[in-house]
Number of protein chains: 2
Amino acid sequence: MNAPATAHDARALRRALGNFATGVTVVTATAPDGERAGVTANSFNSVSLDPPLVLWSLDKRSASHPVFAQASHFVVHVLAADQIELSNRFARAAADKFAGLEPEAGRGGAPLLDGCAARFHCRLHQQLDGGDHWILLGLVEAFDDFGAAPLLYHQGMYAAALPRSRPATAAEPLPGWLGDNLLYLLTQALQAYQASYQPRQLATGLSSGEARMLLVLEQHSGLDACALQREVAMPATEIELAEMVLLRKGLLARGDTGHELTALGREQAATLWRIARQQQQDIQSGLDEQDLAACKRVLRALIQQG
Amino acid sequence: MNAPATAHDARALRRALGNFATGVTVVTATAPDGERAGVTANSFNSVSLDPPLVLWSLDKRSASHPVFAQASHFVVHVLAADQIELSNRFARAAADKFAGLEPEAGRGGAPLLDGCAARFHCRLHQQLDGGDHWILLGLVEAFDDFGAAPLLYHQGMYAAALPRSRPATAAEPLPGWLGDNLLYLLTQALQAYQASYQPRQLATGLSSGEARMLLVLEQHSGLDACALQREVAMPATEIELAEMVLLRKGLLARGDTGHELTALGREQAATLWRIARQQQQDIQSGLDEQDLAACKRVLRALIQQG
């Protein structure tokens with residue numbers, strides 16, 4: 001085995017930690033003086049069922065910490081797949097993160113947000129020291145289980161969950177009723193495509209997020225931060241991290257109007273395109289050309305309907 | 001707002017907590033006497049970068065606890081998408097969970113498993129009381145960032161991550177180079193399909209896992225536990241939870257040869273099939289019939305290639 005990296009490089013550690021996928025939560029609270037706080041956190045997890053305990057951690061430098069330390073309660077909102085904007089809103093510093101939301105008040109006055117997948121109404125149970133973060137343990141007093149497709153976070157990118165169904169094998173072909181179901185076929189086909197594609201892309205040493213950034217910057221030079229964030233669909237902090245990695249690898253250089261690809265970066269982008277093209281060719285070589293064209297028409301129509 | 005459920009019903013709480021998606025880890029350690037332990041955990045999370053701290057929690061009743069309490073180190077393995085079997089292996093009690101694996105020894109002798117997305121080599125930093133679990137804090141001394149598609153866990157089911165790309169809109173149609181890329185088209189089409197399908201399914205009040213169990217049991221009556229687990233592709237503990245929910249809702253009854261759907265359960269299954277068929281009809285109504293047949297041929301071919 002190769003010697004593992006030591007933990008001294010905080011950026012490399014953060015990148016490695018990004019391999020652990022999580023949901024996304026927004027945690028809210030109100031201090032006794034009425035000041036409200038809300039932060040985006042993916043450090044949430046359940047700890048215990050009896051007593052019912054959950055935890056999450058908060059940066060010790062966070063301006064919201066005094067509110068969470070004084071409030072009797074906090075509410076954890078597990079975000080649904082369509083709440084990327086809410087996630088971004090509470091991840092940014094702002095004078096009033098709740099502007100325009102008019103949240104109802106829950107236990108201890110904690111602001112309640114709507115449209116999420118689940119909510120956990122917690123009494124602050126303990127605040128533990130966790131290095132540069134506080135670990136906040138909450139006793140769950142009540143909860144809402146709305147059930148919704150979840151928003152995910154992996155390698156610095158938002159993602160959706162693709163339920164894994166049992167793949168068909170040559171020995172056990174699809175039963176007729178499933179073999180004709182478009183959703184099942186789409187899910188399985190995508191799973192098969194990704195299984196052969198992702199290892200090729202990851203073999204370049206770039207995470208999915210870094211690869212996406214590189215390709216977007218190659219297509220659109222001189223994007224401002226806001227346009228870049230829209231194009232890559234990644235949170236601002238992760239864009240920063242990916243930028244640092246790409247800068248350090250010499251794939252990107254600071255230019256007058258933002259970041260620009262270096263010659264090496266253009267070469268790496270060309271490699272990524274080559275991998276994507278090669279993969280597409282490998283996949284398509286066994287397929288009937290007219291069927292393939294028809295398939296793409298159908299997929300485009302589905303996208304337009306969505 | 002409806003009054004939220006109180007936290008007294010542990011099963012309902014566990015179900016609600018399942019809305020928070022996570023990656024899956026296997027944590028290993030070796031005691032000074034050479035005894036090895038390994039457990040599947042999805043309670044892992046990062047806490048701090050300076051010092052580098054991570055945490056996970058372990059059931060106080062776990063037979064593996066003495067090993068983790070005595071070992072100087074533990075290693076957290078973040079599982080890759082193709083490691084469902086490893087996840088199931090370390091989730092089950094067994095005389096020797098490592099049989100046939102022949103793991104190398106890492107820091108403090110902790111068994112090292114291969115093929116995962118990332119590994120964190122940790123010195124046991126602190127063991128905190130977390131109700132019916134111990135919270136284990138580790139100081140990350142070294143790590144491996146292999147980068148791989150992650151295994152996910154959501155609502156009791158394994159899942160894959162589907163990177164969210166910026167969807168095309170009528171105002172900004174797909175640029176040509178993307179509009180012809182099969183992977184991009186598949187991803188976007190599935191995202192669009194799911195966005196309209198999942199809310200209809202979740203409106204039945206069943207989680208995705210419960211709905212899948214019900215449909216599998218309707219198709220195959222009298223499955224033994226092992227065959228059921230293979231068909232639904234869910235971990236054993238989650239199958240138990242889904243069974244309890246379905247029993248309590250009166251959709252399932254204990255029979256002589258395992259669980260059987262009640263009349264109400266068959267009605268609910270029929271509703272789920274109706275939703276799936278209706279969704280498929282709505283989606284397909286605008287599509288050319290021959291194109292659709294060609295598309296399904298292509299998707300089946302992709303699945304066979306995978």
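User: Which residue in S4(B) is the bridge partner of Thr25(B)?

Analyst: The model is a predicted one. In chain B, strand S3 (residues 25-30) and strand S4 (residues 36-41) run antiparallel and are joined by six bridges. Thr25(B) has its bridge partner in S4(B), and that partner is Ala41(B).

User: Which residue in the turn between S3(B) and S4(B) has a positive phi?

Analyst: S3(B) and S4(B) form a hairpin, with five residues between the strands. In that turn a positive phi of about 95° belongs to Gly34(B).

User: Which residue in S10(B) stands opposite Val75(B)?

Analyst: S10 (residues 118-130) of chain B also pairs with strand S7 (residues 73-78) of chain B, in the antiparallel sense and through six bridges. The residue of S10(B) opposite Val75(B) is His121(B).

User: Where in chain A does Pro51(A) lie, and what is the omega of the bond that joins Asp50(A) to it?

Analyst: Pro51(A) is placed in the loop between strand S5 (45-49) and strand S6 (52-59) of chain A. The peptide bond between Asp50(A) and Pro51(A) is cis, with omega about 0°. In chain B, a cis bond likewise joins Asp50(B) and Pro51(B), and its omega is about 0°.

User: In which loop is Gln155(A), and what is its phi?

Analyst: Gln155(A) is in the loop between strand S12 (151-154) and S13 of chain A. Although Gln155(A) is not a glycine, its phi is positive, at about 50°.

User: Which feature does UniProt place at residues 17-160 of chain A?

Analyst: The span is 10% helix and 49% strand, and its end C-alpha atoms lie 19 Å apart. The UniProt entry, which is unreviewed, gives residues 17-160 of chain A as "domain: Flavin reductase like".

User: Why does the salt bridge of Glu210(A) and Arg15(A) tie together parts that are apart in sequence?

Analyst: The closest N and O atoms of Glu210(A) and Arg15(A) are 2.6 Å apart, and the two residues form a salt bridge. Glu210(A) belongs to helix H6 (residues 208-219) of chain A and Arg15(A) to helix H1 (residues 10-17) of chain A, so the pair links parts whose separation in sequence is 195 residues.

User: How large is the area buried between chain B and chain A?

Analyst: Chain B and chain A each bring residues to the contact, 123 residues from chain B and 123 residues from chain A. The size of an interface is often expressed as the accessible area lost when the parts come together. Carbon and sulfur atoms give 66% of the buried area, which is about 11000 Å².

User: How many salt bridges are there between chain B and chain A?

Analyst: Over all chains, a search of the whole structure finds 20 salt bridges. One between the chains joins the side chains of Asp291(B) and Arg297(A), at 2.7 Å from N to O. The count between chain B and chain A is four.

User: How do the residues on the side of chain B that touches chain A divide, and how many residue pairs are in polar contact?

Analyst: Between the two chains, 21 residue pairs are in polar contact, both residues being at pLDDT 80 or more. The side of chain B that touches chain A divides into 69 nonpolar, 32 polar and 22 charged residues.

User: Which residue in S13(B) is the bridge partner of Pro163(A)?

Analyst: Strand S13 (residues 157-163) of chain A and strand S13 (residues 157-163) of chain B pair across the two chains, antiparallel and over five bridges. The bridge partner of Pro163(A) in S13(B) is Ala159(B).

How values were computed:
Residues are numbered from 1 along each chain as its sequence is written. Chains are lettered from A and ligands numbered from 1 in the order in which they are written. This is a predicted model: local features need pLDDT of at least 70, side-chain atom pairs count only at pLDDT 80 or more; totals for chains, interfaces and linings use all residues. Side-chain values use heavy atoms; hydrogens and water are left out. Contact means heavy atoms within 4.5 Å. Buried area is the accessible area (1.4 Å probe) that two parts lose on being put together, summed over both. A polar contact is a pair of N or O atoms within 3.5 Å; within protein, one must be able to donate a hydrogen and the other to accept it, and residues adjacent in sequence count only if both atoms are side-chain atoms. Ala, Val, Leu, Ile, Met, Phe, Trp, Tyr, Cys and Pro count as nonpolar, Asp, Glu, Lys and Arg as charged, and the others, Gly among them, as polar. Two strands pair if DSSP finds at least two bridges between them. Helices (H or I, at least four residues) and strands (E, at least two) are DSSP runs, numbered from the N terminus. UniProt positions are given in the numbering used here, feature names are shortened, and annotations may be inferred rather than shown by experiment.
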